[in-house]
Amino acid sequence: LSGFLPATIATSTTGGLEITTPYYWNIASNRDLTLYPQYISRRGLMLGADARYLGETYSGEARTEFLDNDSLTGNSRYALSSLHRQSLAPGLSFVSDLNFASDDNYARDFALSRIWRNRPAVSRRLMTRNLQLNYVAADWTAMARLVDYQVLQDPNAPIAVPYSRVPQLTHNYFGFDDSGLSWNVASEFTRFAHPTREQGDRAVFNPRATYTVKRAAYFVRPSLSLHSTMYNLDQV
């Protein structure tokens with residue numbers, strides 16, 4: 001059923017009196033939309049929306065908030081959080097996790113924001129942008145992704161800006177035979193980028209072989225592994 005949800009009344013040191021009157025719209029059995037206009041006495045009217053959807057091969061949720069003209073700052077303020085998962089083909093899937101805020105002070109000024117609600121992977125000061133492609137086969141897996149961050153800095157308590165991975169590529173191959181021998185070859189290539197620090201590439205190669213001997217009263221499982229990591233730093 002569609003209709004208004006219980007109103008929320010709160011106060012904050014940065015916004016004053018805050019009144020939210022959510023409206024839930026049951027669009028279909030697999031889609032809904034919650035609108036949550038929020039009156040903030042010291043700042044103005046903020047419009048917010050939370051959309052959820054579910055299909056046979058995809059699912060996701062998108063949240064957005066927008067304040068056209070903040071009475072305290074004179075600027076438009078906004079935030080967006082979108083999580084989408086989709087199966088593209090047998091074994092092939094795609095994930096996007098995109099998060100944005102208009103300015104460094106957004107999380108502090110809008111302490112009651114729903115952008116971060118029930119999103120433990122998203123910090124109130126670290127906004128992740130992640131695009132990821134995964135493939136799973138019978139004896140190997142692969143992953144390709146791009147990861148970047150928006151850091152909402154506080155000049156009184158600055159935090160380090162993480163390295164972006166543009167891209168990160170992984171491949172894992174594994175197998176076994178009837179003799180008890182099994183093997184796994186893990187490899188990874190990552191390009192690390194940073195606005196102020198040294199940048200470079202990292203390649204990892206990690207093969208492992210394991211031989212299992214089973215008897216009625218015991219088993220032995222010796223393993224041999226090689227781990228190789230190579231770095232190539234940009235010349236400055």
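A residue is called buried when its relative accessible area is under 20%, exposed when that area is over 50%, and partly exposed in between, as judged with a 1.4 Å probe on protein chains only. At 18% relative accessibility, Ser12 therefore counts as buried. The model is a predicted one, in which local features need pLDDT of at least 70 and side-chain atom pairs count only at pLDDT 80 or more, while totals for chains, interfaces and linings use all residues. Residues are numbered from 1 along each chain as its sequence is written, and side-chain values use heavy atoms, with hydrogens and water left out.

Helices (H or I, at least four residues) and strands (E, at least two) are DSSP runs, numbered from the N terminus.

| Residue | Strand | Relative accessibility |
|---|---|---|
| Ser12 | strand 2 (residues 8–12) | 18% |
| Leu83 | strand 9 (residues 77–89) | 17% |
| Val204 | strand 15 (residues 200–211) | 16% |

A polar atom of the side chain of Ser12 lies 3.0 Å from the backbone nitrogen of Gly15. For the other two residues, contact means heavy atoms within 4.5 Å. Leaving aside its neighbours within four places in sequence, Leu83 is in contact with Tyr53, Ser59, Gly60, Glu61, Val95, Ser96, Asp97 and Arg119. The C-alpha atoms of Leu83 and Asn99, which are 16 residues apart along the chain, are separated by 8.7 Å. With neighbours within four places in sequence again left out, Val204 is in contact with Ala186, Ser187, Glu188, His227, Ser228 and Thr229. Between the C-alpha atoms of Val204 and Glu188, also 16 residues apart along the chain, the separation is 5.0 Å.

**Strand 7 and its partners**

Two strands pair if DSSP finds at least two bridges between them. Strand 7 pairs in the antiparallel sense with strand 5 over 5 bridges, with strand 6 (residues 38–40) over 3 bridges, and with strand 8 over 9 bridges. Leu35 stands opposite Ala49 in strand 7, Tyr39 stands opposite Leu45 in strand 7, and the bridge partner of Asp50 in strand 8 is Arg63. Strand 6 and strand 7 form a hairpin with 3 residues between them, and strand 7 and strand 8 likewise form a hairpin with 3 residues between them.

On a 1 Å grid over the protein atoms alone, a cavity is a set of points where a 1.4 Å probe fits but cannot get out, whereas a pocket is an open set with protein on both sides within 12 Å along at least five of seven lines, and lining residues have an atom within 4 Å of a point. Grid points are joined across faces, edges and corners, and a volume is the space filled by probe spheres set on the points.

The largest pocket has a volume of about 190 Å³. Strand 5 (31–35), strand 7 (44–54) and strand 8 (58–67) are the elements that give two or more residues to its lining. Asp50 and Arg63 are among the lining residues of this pocket, as are Tyr24, Asp32 and Arg117. By class, this lining has 1 nonpolar, 2 polar and 7 charged residues, where Ala, Val, Leu, Ile, Met, Phe, Trp, Tyr, Cys and Pro count as nonpolar, Asp, Glu, Lys and Arg as charged, and the others, Gly among them, as polar.

The count comes to 1 cavity of 30 Å³ or more, and the largest cavity has a volume of about 30 Å³. Its lining includes Gln38, Ile40, Met46 and Phe110, and the residues of that lining divide into 5 nonpolar, 2 polar and 2 charged.

How values were computed. Polar contact = N/O pair within 3.5 Å; in protein donor to acceptor, adjacent residues only side chain to side chain.
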